[in-house]
Amino acid sequence: MISRRKVKETVAGYLFCLPAILLFLSVGLYSVLFSVFLSFHNWAGVDFAGTARFVGLDNFRYFLFGGSAINTRIFFLGLFNNIRIGFFTIFFVIPIALGLAFMVTNTKRSGALRTVYFLPLVASGVGIFYVWRGLFGAFGFLNRMFSALGLEFLVVREGLLGNPRTAIIGVIITTVWAGIPGTMILYYAGLASIDETLYEAAEIDGASKVKTLWYITWPLLKPITIIIIIHELNKAFQMFENIWVLTGGGPGGATDVVGTLVFKNAFELQRYGLATAMGWSVFVLTLGLSLLSMKLFRSETN
Amino acid sequence: MCLYPFVWMIGTSLKTSMEALNSPATIWPRDGFQFGTYAEVWARLDFSRYFVNSMTISVTVVLGVIAVYSMMGFALAHIDFAGKKFVFVGFIALILVPGLTVQIPLYLNMVALGLADTLLGLVLPVINGGGPFAVFLFRNYFKSLSHELFDSARIDGCKLIGIYARIYMPLALPVIGTIAVFNFVSSWNGIQWPLIILRTRRWYTLPLGIMYLDQSAFSRWNVLMAGAMFSVVPVIIIFMLLQKSYMRGLVAGAIKG
Amino acid sequence: MRRFFLVLVLALFVTGLAVSGGKKEAATTDDAAGLTLWTWKIAMAPGFEAAGRLFEEATGNRVTVEAFSPDETYRQRVIAAANSGDLPDVINWWAARGLGFENTLVNLNDRVTDDFRARFGATAFNNSIVRDRDVRNWASDPQTSSVVLGLQAGDIHQIPLDVGGFFTIYANNDILREVGLEDTVPESFEQFVEFAAAAARGTNRAGFVFAGGLSDVYYNWMGRAVEASYLGVETSVGLINRQEKMSDPENIKPLLAFEEMVKADVLLRGSIAMNIDEADQAFAAGQAAYLLGGSFTFGQLSAMGMDVSNVSSFAVPLLEGSRHDQFLRNSFTLTALAISASSPNQDAAWALVEFLTADPVGAVALANDAYILPAANLGGHTNQLIPVLQNMYDGFSDEPNVVTLVDNHPDSIGRRAEWGELYNDMQRIITGDLTAREVAARFDANAAAEAAGGN
């Protein structure tokens, strides 16, 4: 038996969601459904009604189950790179950004400091990749700095991006750098919204600073951490433009990611259907990982 | 580490194009400061027009995202309605939609609506794209504010819209500021989507205007970097101007929360 | 009070949106009643505009040029516009067969008469006309789209615009003079490596540089010529057709020579991560004795401020014992122009395409401002080209070289996925992670696996 109150609440709830839902229905739903539908077709990308061929699961077979041995291998290597980038980005970004957010919160007159941390977010246009190439080059700043400091073992002779084993490190450095300011702002807002009285109560109870941090601050930051993880995970799995400009997937395919494969197939080889199949396969994976991280964090909180 | 690339951009913009291409590793120009590049860029860049376009687009996106998704976040946090969980998870899943593969379908969608080459056609998908993330943040934030606030206001006979607009939104300044920063910067720097949806140059933004400054046979990084400064500096100024009131909002939010 | 202002600002924006979203823009497109041309090369836009003005003087049709950069954005832009029937009248695109969006382009079979073709170089249309074996190969590949499957032999959708050629080594004689090798053309690949090594040892500069960051540059600009000349046409086609093994003791020689070159330590440090601009600039700055390039490189070097009077060039040197002992450089079509099927002015668009490609007046105006080499025979107009462009012509031969013969071989099935992997693996020879023998074995295994999968 549904109560009248529940019906009223439901109507009200949906009224509040209405603008968002209408917007999604008008400019989101079609492209999502059409794109999923496309993944079961052979289509070059122009005039769907006239030229698309239904191919069932062939597209998925092609790169997931060895339909093309090479493309299957490349896809999973790319996916592995996505996972590595996502994992290490999150691994480094969260503690660094959290630390910086603490610093800024506890510093008086932190205006200038905030602007400095904010800079990478603003400067995230394409031009920044030129800066990275110069930094990582064989005679770039990084190598010269290591030499000058006597840390010869850290010098990568061909430059960080010129060695298949280290190129991914260069990519991760750029994603960490680009991820810090946004994450910091999120944590900063999270920290600022924590009720001061909680700390005061903890202090009265005689809890140590570390204990307060672990038992009060961190649990309250967990919801925002989930958002950050999903956000960074998504960026890592959809990465295209920065890899394309930074390494082109090289050397020797060492930094290929699914995004570069999707682009090549969709817009260079005119296999749009195949490319969407790749994109949605990754969607399923990231959705699973996101739900998993939500579950992990939630059960811990309770 | 944060400053470094930025200092480098300034340094490169002051080099000759040869030095910029030849020795990207150095920061300060060897061959003297070439302020002429800035003059060249300024003379060829229709700054005021592109700036107004950029501002219009970014501000519209920010206002749209905040207006539409704060309401939804509020509903998901405090109103107990059927199917809430499904709506929430469904929207979060939208964050993960593979952007590159929906590009062409999305474009066709906008054409069908008659919105190709319009500001609305440019802006609506960007708002929709920023939505899930904003909903996520708003919902969490509103949830972290006590529900008692909500209950007592209801008992006082406040309408839901009133509770949302008068009680919860003023408390939400920290999260509004965060979302504003994210969406402002990403739409300010956006290049791909504007180029696909626009047929004429009427709504070209600063980054797009800068991209077409340089018509030489190879990359003149000094020109591109000088151009980039014209795009980056306004955002920094806006951030510095706004951060004071943003900070005040943060503190106020903390106290009231 | 604050809230009131907020509402006011919001209201203003909504009104602004409504007004600007309306019909205002119809006026802007109407007054440009003429032809629109799209390209992705911003550097070519001034050339298109210069030629466009001449076209307007001659015909009264105004030409609007729009450039979308970079490449990856342009590809998306064109596919999007093709879907909605918004392609411009004329589209500049990479010269190729089987583009995948021919269904939105005008079939030019009837427009391209014998007379018209006679105005171009012999090989200019090679990349534009669908051949019998293309149709056969497409039919055998399950990934081919219906658009491409619908093409027939003889179909033409593009007119060649500009040509170029790779397979050129540039030498910095200022550096080579220090080791007594100035103006000396190496007689073989092996000798070239010796010279480069001598330069690297005798000076504090490197021997050789190319854009190693792009995996296929070495192979497509140099390796193919070395390979096809050494193995001959039949064996090269056999490798493409998966009938020959790369690891065969003879067939692996070109790859082994590449490995020897890497081991001789002649490459400029860091070239494995360089793009074309960076490699050219390193050479222009005197960091290496030799540079791998194409016909377009010379202009690039002088644009970068290099004193090109001390730079000489020669065709890629070949391995000792090659079946073909000389490599002639052919020009081939780089980009082409197509006409949109949705254009309301197809005749005028054709007139523009003809003016830009085949008419010496238009072609010269375009070439001189866009820094490209016209695909058409300019005849007596060649001397109107700027000297840099005239120089480019000098290196070309009309007689088909071995690479052209391989490309045009009637049995070739075209390069499949194993080749992309080969280019990646060759980068790993440079980085010392794979040997030539390992790369050859991997190539053979890849080819077999793909064939087994029906690809």
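These legends accompany close-up views of a predicted model.

**View 1. The two domains of chain C.** Let's start with how chain C is divided up. Its domain assignment gives domain 1, made of 34–164 + 332–384, and domain 2, made of 168–329 + 404–452. Taken over C-alpha atoms, the centres of domain 1 of chain C and domain 2 of chain C are 30 Å apart.

**View 2. Where the domains of chain C touch.** Here we look at the contact itself, to which domain 1 of chain C contributes seven residues and domain 2 of chain C contributes ten residues. On the domain 1 side of this contact in chain C, the residues sort by class into two nonpolar, four polar and one charged.

**View 3. Strands 1 and 3 of chain C, side by side.** In chain C, strand 1 (residues 35–39) and strand 3 (residues 90–94) run parallel and are joined by two bridges. As a reminder, strands of a sheet pair through backbone hydrogen bonds, either parallel or antiparallel.

**View 4. Chain A meets chain B.** This contact takes in 74 residues of chain A and 70 residues of chain B. On the chain A side, helix 1 (residues 4–27) of chain A gives the most, with 13 residues. Sorted by class, that side of chain A has 43 nonpolar, 25 polar and six charged residues.

Note on methods. Residues numbered from 1 in each chain as written. Chains lettered and ligands numbered in written order. Predicted model: local features only at pLDDT ≥ 70, side-chain atom pairs only at ≥ 80, totals over all residues. Domains from an automatic or database assignment. Contact = placed C-beta atoms within 7 Å. Nonpolar A, V, L, I, M, F, W, Y, C, P; charged D, E, K, R; others polar. Pairing = 2+ DSSP bridges. Helix = DSSP H or I, 4+ residues; strand = E, 2+ residues; numbered from the N terminus.
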